[in-house]
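Have a look at it first, then read on.

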Amino acid sequence: MRPVFVQLRCKPGKTYKVADELYKREIASELYSTSGDYDLLMKVYIDDGVDIGKFVSENIANVPGIRRSLTTLTFKAF
(Lines give C-alpha, C1' and ligand atoms only; values in the text may rest on other atoms or scores of the structure.)
Protein backbone atom coordinates (compact mmCIF):
# COMPACT_ATOMS: atom_id res chain seq x y z
CA MET A 1 0.00 0.00 0.00
CA ARG A 2 1.18 3.48 -0.73
CA PRO A 3 0.24 6.67 1.10
CA VAL A 4 -1.30 9.42 -0.99
CA PHE A 5 -2.23 12.90 0.21
CA VAL A 6 -5.23 14.68 -1.29
CA GLN A 7 -6.00 18.34 -0.68
CA LEU A 8 -9.55 19.47 -1.31
CA ARG A 9 -10.99 22.89 -2.03
CA CYS A 10 -14.67 22.99 -1.15
CA LYS A 11 -17.51 25.26 -2.18
CA PRO A 12 -18.11 27.98 0.42
CA GLY A 13 -19.98 26.61 3.43
CA LYS A 14 -19.61 22.96 2.36
CA THR A 15 -16.38 21.92 4.08
CA TYR A 16 -18.03 20.15 7.01
CA LYS A 17 -20.52 18.34 4.78
CA VAL A 18 -17.68 17.18 2.54
CA ALA A 19 -15.67 16.01 5.56
CA ASP A 20 -18.71 14.12 6.93
CA GLU A 21 -19.24 12.35 3.59
CA LEU A 22 -15.57 11.39 3.29
CA TYR A 23 -15.64 10.06 6.86
CA LYS A 24 -18.70 7.92 6.02
CA ARG A 25 -16.88 6.42 3.03
CA GLU A 26 -14.16 5.08 5.37
CA ILE A 27 -11.33 5.69 2.92
CA ALA A 28 -9.26 8.27 4.81
CA SER A 29 -6.53 7.26 7.20
CA GLU A 30 -6.43 10.88 8.38
CA LEU A 31 -8.58 13.90 7.54
CA TYR A 32 -7.80 17.48 8.59
CA SER A 33 -9.23 20.93 8.04
CA THR A 34 -6.51 23.31 6.86
CA SER A 35 -5.81 26.96 6.19
CA GLY A 36 -4.59 28.29 2.87
CA ASP A 37 -5.64 27.46 -0.68
CA TYR A 38 -7.33 24.18 0.27
CA ASP A 39 -9.88 23.41 2.98
CA LEU A 40 -9.19 19.75 3.73
CA LEU A 41 -6.17 17.48 3.70
CA MET A 42 -6.62 13.74 3.69
CA LYS A 43 -4.23 10.82 3.75
CA VAL A 44 -5.34 7.63 2.07
CA TYR A 45 -3.57 4.35 1.54
CA ILE A 46 -4.01 2.87 -1.92
CA ASP A 47 -3.16 -0.72 -2.80
CA ASP A 48 -0.23 -1.27 -5.14
CA GLY A 49 -1.38 -1.64 -8.72
CA VAL A 50 -4.52 0.48 -8.24
CA ASP A 51 -4.86 3.45 -10.61
CA ILE A 52 -4.53 6.43 -8.26
CA GLY A 53 -6.30 8.86 -10.58
CA LYS A 54 -9.25 6.53 -10.96
CA PHE A 55 -9.37 5.90 -7.20
CA VAL A 56 -9.43 9.63 -6.45
CA SER A 57 -12.01 10.29 -9.16
CA GLU A 58 -14.36 7.48 -8.07
CA ASN A 59 -13.97 7.72 -4.30
CA ILE A 60 -13.07 11.30 -3.41
CA ALA A 61 -13.57 13.91 -6.15
CA ASN A 62 -17.19 12.90 -6.74
CA VAL A 63 -18.29 14.05 -3.27
CA PRO A 64 -20.79 16.91 -3.65
CA GLY A 65 -19.30 20.21 -2.55
CA ILE A 66 -15.75 19.61 -3.73
CA ARG A 67 -14.55 22.25 -6.13
CA ARG A 68 -10.97 21.08 -6.77
CA SER A 69 -8.49 18.46 -5.62
CA LEU A 70 -4.71 18.24 -5.56
CA THR A 71 -3.15 14.79 -5.24
CA THR A 72 0.39 14.37 -3.95
CA LEU A 73 2.22 11.05 -4.26
CA THR A 74 4.81 10.17 -1.66
CA PHE A 75 7.99 8.18 -2.05
CA LYS A 76 9.85 7.75 1.23
CA ALA A 77 9.09 8.57 4.85
CA PHE A 78 11.98 9.84 6.91
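K11, K14, K17 and R67 together form a positive surface patch. In such a patch, residues have over 30% relative accessible area and no salt bridge, and like charges are joined within 9 Å. This is a predicted model, where local features need pLDDT of at least 70, side-chain atom pairs count only at pLDDT 80 or more, and totals for chains, interfaces and linings use all residues. Residues are numbered from 1 along each chain as its sequence is written, and side-chain values use heavy atoms, with hydrogens and water left out.

Now for the salt bridges: the whole structure has 3, each being a side-chain nitrogen of Lys or Arg within 4 Å of a carboxyl oxygen of Asp or Glu. E21 and R25 pair up at 2.9 Å, N to O, and both sit in helix α1, 4 residues apart, or about one turn. K54 and E58 meet at 4.0 Å, and they are about one helical turn apart because they lie 4 residues apart in helix α2 (residues 52-59).

The pair K43 and E30 has its closest N and O atoms 3.8 Å apart. This one links distant parts of the chain, with K43 in strand β3 (residues 40-46) and E30 in strand β2 (residues 30-33). K43 is buried at 16%, while E30 is partly exposed at 30%.

Note on methods:
Patches are made of residues with over 30% relative accessible area and no salt bridge: like charges are joined within 9 Å, nonpolar side chains (Val, Leu, Ile, Met, Phe, Trp, Tyr) within 5 Å. Accessible areas come from the Shrake-Rupley method with a 1.4 Å probe; for residues, only the protein chains shown count as cover. Lys and Arg count as positive and Asp and Glu as negative; His and the chain ends are not counted. The place of a charge is taken as NZ of Lys, CZ of Arg, CG of Asp or CD of Glu. Helices (H or I, at least four residues) and strands (E, at least two) are DSSP runs, numbered from the N terminus. Buried means under 20% relative accessible area, exposed over 50%, partly exposed in between (1.4 Å probe, protein chains only).
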